[in-house]
Amino acid sequence: MLAVFLAIGLSAGVLSGLFGIGGGILIIPSLIFFAQFHTKLAIGTSLGAMLLPVGLLGAYAYYQDGNLNIRASLLIGLGLFLGAYAGARLAQTISGPTLQRMFAVFIVLMAIRLWIQAGRG
């Protein structure tokens, strides 16, 4: 799972740098799909990855109920740190309209995947 968590963090960091989005739009669905986390654990772990300063109190609330994987949060955070720089550098080479279209496609694909996943549960 080490590689999965690092890949999630790196991907979220790149998308954050490319589109300026919060990590949760990728981290939460990725933890559900690839790490088989249940929704609350995925949310708590995502908040833990963005712990300082973004999710500290939210992560603590999930931690109190046992819905935060600290190790996964730290590894995802490392990937976010490195990936955000790479994504930001990449975004400088892509036109604004192309970035906007890429973001729209990404959001639609994630929404479809979440919809299908929810129907199975």
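Guide: Buried means under 20% relative accessible area with a 1.4 Å probe, protein chains only. Mind that this is a predicted model, where local features need pLDDT of at least 70, side-chain atom pairs count only at pLDDT 80 or more, and totals for chains, interfaces and linings use all residues. Residues are numbered from 1 along each chain as its sequence is written, and side-chain values use heavy atoms, with hydrogens and water left out.

Visitor: Which residues touch the most other members of the largest nonpolar core?

Guide: Out of 26 residues, those are Phe 5, Leu 15, Ile 27, Leu 31, Phe 37, Ile 76 and Leu 80. The largest share, 6 residues, comes from α1.

Visitor: What makes α1 oblique to α6?

Guide: Helix α1 (residues 2-19) and helix α6 (residues 96-120) pack at about 135°, axes 10 Å apart. Under 35 degrees is roughly parallel, over 145 roughly antiparallel, 65 to 115 roughly perpendicular, and the rest oblique. So α1 counts as oblique to α6.

Visitor: Which residues of α1 and α6 meet?

Guide: Leu 15, Leu 18 and Phe 19 of α1 meet Leu 99, Met 102, Phe 103 and Phe 106 of α6, where contact means heavy atoms within 4.5 Å. By class, that contact has 7 nonpolar, no polar and no charged residues.

Visitor: And what do the buried residues of α2 pack against?

Guide: They pack against α1, α3 (39-49), α5 (70-91) and α6. Among the buried ones in α2 (residues 24-34) are Leu 26, Pro 29 and Ser 30.

Conventions: Axes are lines fitted to C-alpha atoms, for helices over the stretch in contact, and angles run from 0 to 180 degrees between N-to-C directions. Helices (H or I, at least four residues) and strands (E, at least two) are DSSP runs, numbered from the N terminus. Ala, Val, Leu, Ile, Met, Phe, Trp, Tyr, Cys and Pro count as nonpolar, Asp, Glu, Lys and Arg as charged, and the others, Gly among them, as polar. Buried means under 20% relative accessible area, exposed over 50%, partly exposed in between (1.4 Å probe, protein chains only). A nonpolar core is a set of buried Ala, Val, Leu, Ile, Met, Phe, Trp, Tyr and Cys residues joined through side-chain atoms within 4.5 Å.
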